[in-house]
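Please keep the viewer open as you read.

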Amino acid sequence: MKFFFISLNLLMLVSLAAQNRVNQASWQQRVDCEIDVQLHPETKTLSAFIQFHYYNHSPDTLNSIWMHVWPNAYKNNKTAFARQQLQNGKTDFHFSHENEKGDISGFSFMSQGEMMKWQSHPEHIDIIELKLNSPLLPGADLIINTPFLVKLPKIFSRSGYKDSFFSVTQWYPKPAVYDINGWNAMPYLDQGEFYSEFGDYRVNISVPKSYMLASTGHVIEEKDTLLYPAVSAVRYTYTENNIHDFAWFAAKDFTLKTRTINIGNNSVKIAVYSSGKIKNISKYEPIYYLEKGVREYSKRVGNYPYKTCTVVIGPLLAGGGMEYPTITICSSADSSTIVHEVGHNWFYGILATNERKFPWMDESINTFFEQLISGKFKPDPSFFKRIRNRQWLDEYIDHLLYLFSARQGKSQPLNLPSEEFTRLNYGSVVYAKGPLLFAYLKQQLGDSVFSACVKAYYKEWQFKHPLPKDMQYSFERSSSMNLDWFFTDLLKENNQVDIVKTRHGFKVKGSQKLDSFLRKRDFANANPYGFLPEKNYANNVRNKKLISIAFPFSLPKHNASVPVNLTPIIGFNYYDKFYVGALLFNRSVFRNKLEYTLMPAYSFTTKSMVGYGQLNGLFLSHGRHLYKVEGGLQGHSFGTMIGGQLNQYYRLNPYIKFHFKHKGRISETIDKQLLLNFYHTGLTRDYNVYRDTNNNIYNVKLPAPYFFNYYKLTYSIENKHPVNAYGVKLNGEYGYNYKFNPGANTYLKTWMNAFYKYTFAPKNKFFKTELFAGIFLQKKGYIGMQQFYLSGNTGKQDYLYNEAMFGRNEDIFNNNNLIGRQLINANGNMRNLLPVGGSDKWMLGLANEVSLPGIIPLRIYVDLGYFSSPTNVNNVTVYGPAELYTTAGILLSLFNNNLEIFVPFYKSKQFHQFNQVNTSFANSIGFKLHLNKLNPFKQIDDFKSF
């Protein structure tokens with residue numbers, strides 16, 4: 001065993017050292033397979049026997065064969081597949097029952113009548129190493145066989161069952177590819193596809209007579225048989241040559257439509273098997289799209305070489321479709337899905353690139369051809385004109401997907417292994433940016449040259465597993481051009497490209513090689529149709545307008561210096577009542593370097609202007625640890641109530657925020673930030689206005705506590721894992737009085753907020769605990785609103801004016817209206833409307849909640865606080881003994897946790913003093929309304945792909 005780990009480590013080192021080899025060898029290994037398999041629907045199992053003939057065409061002597069046993073990916077929650085599911089926000093497999101999981105077992109490998117030893121990979125149970133009884137020399141071959149049993153899982157990804165439908169994919173022990181980079185053993189993943197050796201297949205499949213069968217290859221024999229225990233069945237024999245995988249599907253409710261078409265000199269039987277209710281079906285039947293795909297790809301890439309091409313429409317949870325040699329499964333019957341999945345027969349099936357390591361070599365170029373066939377990449381001179389309607393959004397959705405990720409600073413290079421992409425970027429980079437780049441390559445090469453490149457590449461490398469440099473050299477030979485600008489700059493680098501119109505032409509920022517290439521060509525516009533995904537289209541034309549106004553919420557013109565989105569607004573709060581105004585902004589679904597949001601409004605009740613404004617600058621970094629910096633100035637002013645009279649508060653807030661990568665990588669689940677804020681807050685009017693006996697008005701000036709400056713530093717890290725989520729936020733704050741007696745009232749405090757959330761059942765059933773711990777390091781003068789509080793009973797505890805509230809200073813003692821029952825997050829985060837004194841010394845808080853069973857989102861909460869409350873005795877602050885405060889109750893969460901209604905059923909003794917004032921049980925019911933979360937720009941910025 002010790003030797004095994006040493007040899008494994010050496011093997012991994014050799015493999016890593018060879019990763020830079022991106023030219024494929026002239027030799028290819030080969031694996032011919034014969035399989036007998038029986039489906040047992042009642043037990044959701046397969047019993048099978050496989051014999052494979054392995055040909056070592058490499059120049060190396062092999063002492064073992066690494067094998068994929070991918071059904072074991074569904075065996076437990078520790079596999080790479082299970083971990084990736086959680087990483088991508090999917091919890092259905094994690095919470096599945098044991099009988100819904102799957103595995104593969106029963107191996108008894110033999111060769112030449114001798115037993116063979118095998119052992120599992122030390123990390124991945126869906127990979128094994130099969131030890132050869134004697135070395136397999138270059139040019140030699142070996143026959144190996146074994147029985148095996150498969151327990152099919154419920155469909156969580158590609159393989160498994162749903163009701164009477166069976167998807168049998170990645171189901172048999174299969175040798176990993178051995179190529180110029182060595183062994184390519186890889187665990188099964190949902191995001192990330194496959195790489196397998198070519199060979200000839202002959203597979204016997206026995207299913208009960210009540211089932212229909214759709215399979216890779218073509219049927220050469222059907223025979224009646226029996227399954228244990230005495231179930232009448234049919235044994236189908238399928239065969240196909242030069243394929244690298246074999247998949248089949250069985251269902252009781254298949255409907256079948258077939259057609260025979262001619263592709264060159266080849267007669268191809270096409271078929272569509274439909275199970276269940278077909279989604280997204282239009283006036284054309286799916287077989288029409290299947291025929292269209294086969295004909296168009298054959299014309300544009302190269303002739304289809306097999307005898308059959310089949311589409312199965314059925315359940316799938318790994319994207320809209322999944323391809324296998326000669327057969328594909330689609331979850332819907334729309335044209336794009338079927339044409340796309342059929343197209344994979346060329347790039348995944350016939351060329352068989354290593355999609356796990358280079359997904360763009362299949363997914364990106366195939367998506368390009370699918371969209372080209374649909375008519376998407378036609379020259380469109382109107383691209384840089386106003387873009388404002390749903391048709392534009394549909395046509396250019398790929399531009400928006402890429403720009404959304406890129407302008408957030410979260411884009412990744414296209415030339416990455418599939419598992420290294422975030423889920424968002426797997427779509428926005430591989431499926432959106434990649435096809436656009438191939439459209440741009442086609443535009444630069446010209447239609448005829450591009451077509452010749454593709455066909456020559458396909459003809460040269462079919463059935464040979466090309467690597468990236470093989471594709472580049474093939475295209476360069478056919479075009480007689482150096483294409484480093486495409487294969488190196490655009491595919492491998494993550495620099496955001498920007499074509500800038502200059503006085504004498506243009507300049508390409510972000511790609512020197514592309515700039516050099518384009519300058520050798522005679523172009524009036526280097527990106528006339530927008531096929532090259534740029535970070536900024538506004539500078540592609542010289543004759544720009546100063547301003548363009550889009551009304552309401554349509555996308556602005558690209559040729560305007562100052563784009564403006566304008567929409568009317570109407571708002572309400574308890575003091576300003578209804579106010580009307582306008583919202584002006586230059587944000588859309590993607591970020592800009594300089595952003596503004598202005599919302600001036602007028603209150604007819606207070607006869608004053610209210611509103612909000614923000615100016616934000618955005619800098620994207622390609623550093624190792626930092627990926628985005630933003631900063632700017634934010635301010636707002638609305639009505640409030642002070643001393644029983646209407647007033648108006650204001651806040652000015654310069655800030656700068658640093659966004660960090662997690663261990664050098666962009667992550668969708670880990671968020672790390674450092675935020676520096678300065679706040680200046682105050683009130684616009686005097687504190688009180690009085691009338692004397694002669695009805696003369698005189699003012700009482702505001703006391704010092706209502707005018708403060710604050711410096712606040714916050715470092716936060718949050719893991720948004722769908723099962724084990726946690727976060728820590730460290731805060732430091734220095735505040736001082738600004739308008740009256742500067743420096744008379746000052747403080748320095750620090751505190752920590754931490755949470756842990758464990759989701760223990762589907763449908764967001766969880767336990768969550770939040771810890772607060774804070775201490776004042778310095779204080780001088782009056783510290784009131786800035787103390788630590790167990791709960792935010794009113795807006796008084798929101799002295800930074802961070803929270804959006806309907807009635808900022810209303811509470812249950814001033815009136816009985818609903819607005820006075822809004823609680824805000826403050827320090828201890830206790831859910832109780834009854835106030836207790838704060839602390840200007842230290843405080844601890846612990847807020848806990850746990851979901852109750854059932855479909856109604858009810859939770860039990862138990863909140864605790866511990867601190868010493870200060871009192872004033874003869875103008876001297878005296879601290880009593882520390883006490884434990886406790887509340888508990890039932891909480892109802894609605895609208896994705898944006899509204900939480902809490903009903904307390906227990907309060908500790910410290911709250912009993914309020915019983916004389918608040919005797920009604922109904923008056924103890926309160927709510928939290930997280931209005932800040934409804935900001936559409938915040939929702940865009942916080943968007944996750946799960």
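## A strand and its neighbours

Val311 stands opposite Thr328 in strand S24. S24 covers residues 327-330 and pairs with S22 in the parallel sense, over 4 bridges. Strand S21 (residues 266-274) also pairs with S22 in the parallel sense, this time over 6 bridges. There, Lys269 has Thr308 of S22 as its bridge partner.

How many of the 6 residues of S22 are buried? The count is 6 of 6 over residues 308-313, so the strand is largely enclosed by the rest of the structure. Both faces are covered: one side carries Thr308, Thr310 and Val312, while Cys309, Val311 and Ile313 lie on the other.

The average pLDDT of the protein is 88, and 89% of the residues score at least 70. Residues 1-19 have a pLDDT below 50, and this stretch has 17 contacts in the model beyond near neighbours in sequence. Where pLDDT is low, the predicted coordinates should not be read in detail.

In soluble globular proteins, nonpolar side chains tend to be buried together. Here the largest nonpolar core has 126 residues, and those with the most contacts inside it are Phe148, Trp171, Phe246, Trp248, Phe369, Phe475 and Leu514. Helix H8 (residues 423-445) gives the most to this core, with 10 residues. Another core, of 29 residues, lies apart from it and includes Phe165, Phe254, Ala318 and Tyr348.

Trp171 is worth a click. Leaving aside neighbours within four places in sequence, its contacts include Ile35, Val37, Leu46, Pro71 and Ile104. Phe148, Phe246 and Trp248 are also among the contacts of Trp171.

## A covered helix

Helix H2 (residues 80-87) is mostly covered, with 6 of its 8 residues buried. Those buried residues are Ala80, Phe81, Ala82, Gln84, Gln85 and Leu86. After H2 comes Gly89, which has a positive phi, near 80°.

## A buried alanine in a loop

Ala176 sits in the loop between strand S12 (174-175) and strand S13 (177-179). Is Ala176 buried or exposed? Its relative accessibility is 0%, so Ala176 counts as buried.

Not counting residues up to four places away in sequence, Ala176 touches Trp66, Met67, His68, Trp183, Asn184, Ala185 and Glu197. Trp66 is 110 residues from Ala176 in sequence, yet their C-alpha atoms are 5.7 Å apart in space.

Definitions and conventions
Residues numbered from 1 in each chain as written. Heavy atoms only, no water. pLDDT = per-residue confidence, 0-100. Contact = heavy atoms within 4.5 Å. Buried < 20%, exposed > 50% of the residue type's maximum accessible area, 1.4 Å probe, protein only. Helix = DSSP H or I, 4+ residues; strand = E, 2+ residues; numbered from the N terminus. Pairing = 2+ DSSP bridges. Core = buried A, V, L, I, M, F, W, Y, C linked by side-chain atoms within 4.5 Å.
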